[in-house]
Amino acid sequence: PSHALGPSSSPAATDGEDPHPGHRYDCNFCDYKTSKLSHLETHIRVHTGERPYKCNQCTMSFSVKCSLTKHLLLHAGVRSFKCHMCPRSFATRQTLTEHLRTHTGERPFKCHVCTRSFTIKGSLTEHLRIHTGERPYECSECHRSFVARRSLTEHMRTHTGERPFKCDHCSQSFSAKQTLTEHVRIHTGERPFKCNTCPQSFSKRSTLKDHLRTHTGERPYKCPVCPETFVHNSSLRRHMHQHEREPANEK
């Protein structure tokens, strides 16, 4: 027999024995199934957004206790897992494993709808929402919605002005951790994204992606006014300014 569980029927956290040992528990929202009630209770938080484990040193919160424990290592400065290919180190073995894929190019999590693949499972989960149209994270201020919780968190900072990610090398601060990571490479000189066709390397994955088009000839940015196409979006924007000036020049 199976038991379905949703927010209306969610029991209190089960620290003791499973009340229905040997039974299967089904999620009311998706196809997830498990033989452990505690696993289902944790899974349900994916749908409800509940994050009961709160960090006492910053604003972050987590759906499972082990994620909070790992997060606290960052505040403690514990980074025991060192990358053998660059100077970076990490608080958990899993984070190091995920980081190493930026060096090896391994992207084991593949989308079954398109050709995209990802270095971590969470990125694939978020990407699939682009295909399904699911945007479960909504801003309470302007009602924009997002496929990823971190996108909502970063967006909220446009309302609050918060820039919690501070550079240790200069006075700049940022609203998103990824932006800080990319900025710090200006100081360290780290360029982890290497072209497999020529010797060039880059500090940002997006810059490598743009660079690769110089080898492939791909020009994905098309002008809606004339037949011109461009390798970079910034080149298209500059080109569009020329069209905006054309009526004034003709007068």
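This text walks through the structure from the whole chain down to single side-chain pairs.

The model is predicted, so local features need pLDDT of at least 70 and side-chain atom pairs count only at pLDDT 80 or more, while totals for chains, interfaces and linings use all residues. Residues are numbered from 1 along each chain as its sequence is written, and side-chain values use heavy atoms, with hydrogens and water left out.

Start with the whole chain. It has eight helices and 17 strands. These are DSSP runs, numbered from the N terminus: helices are H or I with at least four residues, strands are E with at least two. Of the 251 residues, 27% count as buried. Buried means under 20% relative accessible area, exposed means over 50%, and partly exposed lies in between (1.4 Å probe, protein chains only). Contacts are heavy atoms within 4.5 Å. Among those with a separation of 6 or more, 9% link residues 24 or more positions apart.

Next, the annotation. The unreviewed UniProt entry gives "domain: C2H2-type" for residues 25–52, 53–80, 81–108, 109–136, 137–164, 165–192, 193–220 and 221–248. Such annotations may be inferred rather than shown by experiment. Take residues 109–136: the span is 43% helix and 14% strand, and its end C-alpha atoms lie 22 Å apart. Residues 193–220 are 43% helix and 14% strand, with end C-alpha atoms 21 Å apart.

Now look at strand 2 and strand 3. They form a hairpin with five residues between them. The two strands run antiparallel and are joined by two bridges; at least two DSSP bridges are needed for strands to pair. Tyrosine 25 has threonine 34 in strand 3 as its bridge partner.

Tyr25 also belongs to the largest nonpolar core, together with Cys27, Leu37, Leu40 and Ile44. Strand 2 (24–27) and helix 1 (37–48) each supply at least two of its residues. Helix 1 gives the largest share, three residues. A nonpolar core is a set of buried Ala, Val, Leu, Ile, Met, Phe, Trp, Tyr and Cys residues joined through side-chain atoms within 4.5 Å.

Finally, the charged pairs. The structure holds nine salt bridges (a side-chain nitrogen of Lys or Arg within 4 Å of a carboxyl oxygen of Asp or Glu). Glutamate 50 meets arginine 45 at 3.7 Å, N to O. Glutamate 50 is partly exposed because its relative accessibility is 41%. Arginine 45, at 14%, is buried. Glutamate 190 pairs with arginine 185 at 3.8 Å, and both are buried. Glutamate 218 and arginine 213 form another salt bridge, at 3.7 Å. Shared partners join Asp210, Arg213 and Glu218 into one network.
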